[in-house]
Protein chains: 2
Amino acid sequence: MNKMTIKSKSNSHIKDLAALKNKPAKYFLIEGFHLVEMAYECGALSEVLAVKDPNLNVDTILTTIEIIEKLSTSMHPEPILGLAKMQEEAKNVGNRALILDRVQDPGNLGTILRSALSFGFFDIYFLPGTCSPYNSKAIQASQGAIFKLRLHFLDQEKTLEELSSLGYEVYGTSLRDSLPLETYSFDKAAKIGLIMGNEGQGVRESLLSKTKANLRISMGGIDSLNVGVATGILLHHIYSLK
Amino acid sequence: MNKMTIKSKSNSHIKDLAALKNKPAKYFLIEGFHLVEMAYECGALSEVLAVKDPNLNVDTILTTIEIIEKLSTSMHPEPILGLAKMQEEAKNVGNRALILDRVQDPGNLGTILRSALSFGFFDIYFLPGTCSPYNSKAIQASQGAIFKLRLHFLDQEKTLEELSSLGYEVYGTSLRDSLPLETYSFDKAAKIGLIMGNEGQGVRESLLSKTKANLRISMGGIDSLNVGVATGILLHHIYSLK
């Protein structure tokens, strides 16, 4: 564990960190006390930068609020930043998985990850075209859920193969040609995978055609739900199965 | 129905509209084709500004994209804006009401209104300190739900009085001292009011102490949900009561 002080914006390490701000690679920046603490508790924190020493058992850089501002995406950041390590290849050892097919808005993604953690969907599959969980807005909205979930980055075919080989029953979601969630008989003891889709286009047809069933949330009128809300309702329903 | 062309940013009517951008008063601006159409269908559109005549039976101002940009909150707006009229005092004639106690984020508010419309909660009470439904981000996130809901702006006491006099059973939501939603026996035939609270602080104690019961969503772990997601789960549950 090293401790050092850096007060120059042109310091090469600060420049390296600044490069991660928009392009996370192996490591990513996290902002504020809550996320730094969560990353620390989960063993994902590799370095902390702060104006005042937070006394964590991790490499620490004492720095200025100007440098924190330079590295932060917030206009008025908390005086602490963390450098966190991206997950290594995760292994699906659970029985509830969420598959994201091109969910695009980082805020939606973050609330989805938060809900997934709350309802025990610990394995998350990010199909190509889905917003990165290392996007800083997504991390904020997830409230740090990202550190407690297992993240998988496989293409569509490999995702379905993996889930199938693990014995998952995979469900799609769609407003058309689908069954109402509320009356569907799930096998609670089975491993359950759920696919949620893009904000505008939903889940792609080539996935919907390979599921055990496709479900929809019953609603009055012709209206639709925000994808974060819809995901929350589905995960809660499956979590609460009797 | 009048039609005219305005191409000068310093035109006094454009200046009046610009003043509404941040301070809606009696009227408010809406952006894009979808919202303009929705306001039109709901009879709330009093004027449209567009680069190309949309041929709506309403006062129309043909204008430039520069003026649209000036009036819009978006960097790259669609070439159409509407001037919509705020609701007059609404009358609660329904049987499902949502009471918002200091929900602050406009995005959260918008998704909540969208869910309320989807699940038949047509009467919305905005307690003091709650984000305005006329906030432009809230309108966008609501996808126009605002035009189909009945909006009420009363203080806490008057809200509870009104709901009580109409025969509502009012429920609070709280993580502490509350009953699990999933096993609570609602009277489906009753009028049901649900209070959702502030992102950080939840529903205030002085409301929780006056409800029929306070409910919570069952979750694994110690985590919490985004207020928009939590609201969606509660509204869906009540909508789906058997």
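This is a predicted model: local features need pLDDT of at least 70, side-chain atom pairs count only at pLDDT 80 or more; totals for chains, interfaces and linings use all residues.
Residues are numbered from 1 along each chain as its sequence is written, chains are lettered from A and ligands numbered from 1 in the order of writing, and side-chain values use heavy atoms, with hydrogens and water left out.

**The two chains**

The axes of α8 (residues 227-239) in chain A and α8 (residues 227-239) in chain B come within 8 Å and cross at roughly 55°. Helices (H or I, at least four residues) and strands (E, at least two) are DSSP runs numbered from the N terminus. Axes are lines fitted to C-alpha atoms, for helices over the stretch in contact, and angles run from 0 to 180 degrees between N-to-C directions. The crossing of α8(A) and α8(B) is right-handed, that is, the near helix is turned clockwise from the far one by less than a right angle. On the chain A side, Gly228(A), Val229(A), Gly232(A), Ile233(A) and His236(A) make the contact, and on the other Gly228(B), Val229(B), Gly232(B), Ile233(B) and His236(B). Contact means heavy atoms within 4.5 Å.

The same surface serves both copies, since 100% of the contact residues of chain B recur in chain A.

**Helix pairs**

Within chain A, α8(A) also meets α4 (residues 106-118), the axes coming within 9 Å and crossing at roughly 10°. That makes α4(A) roughly parallel to α8(A). Among the residues in this contact are Asn108(A) and Thr111(A) of α4(A) and Thr231(A) and Leu235(A) of α8(A). The table gives residue classes, where Ala, Val, Leu, Ile, Met, Phe, Trp, Tyr, Cys and Pro are nonpolar, Asp, Glu, Lys and Arg charged, and the others, Gly among them, polar.

| Contact | Residues by class |
|---|---|
| α8(A) with α8(B) | four nonpolar, six polar, no charged |
| α4(A) with α8(A) | five nonpolar, seven polar, no charged |

**Sheets of chain A**

An open sheet of seven strands runs β8-β7-β6-β11-β9-β12-β10 in chain A, with parallel pairing; two strands pair if DSSP finds at least two bridges between them. Strands β8 (150-152) and β10 (179-180) of chain A stand at the edges with a single partner each, so one side of each has no neighbour in the sheet. Four bridges join the parallel strands β9 (residues 168-173) and β11 (residues 191-197) of chain A. Tyr168(A) has Lys191(A) in β11(A) as its bridge partner. Helix α8(A) packs on this sheet, touching β6 (96-101), β9 and β11 of chain A, and its direction makes about 170° with that of β11(A).

A further open sheet, of five strands, has the order β1-β4-β3-β5-β2 in chain A and mixed pairing. Its edge strands are β1 (3-5) and β2 (27-31) of chain A.

Note on methods. Angles under 35 degrees count as roughly parallel, over 145 as roughly antiparallel, 65 to 115 as roughly perpendicular and the rest as oblique.
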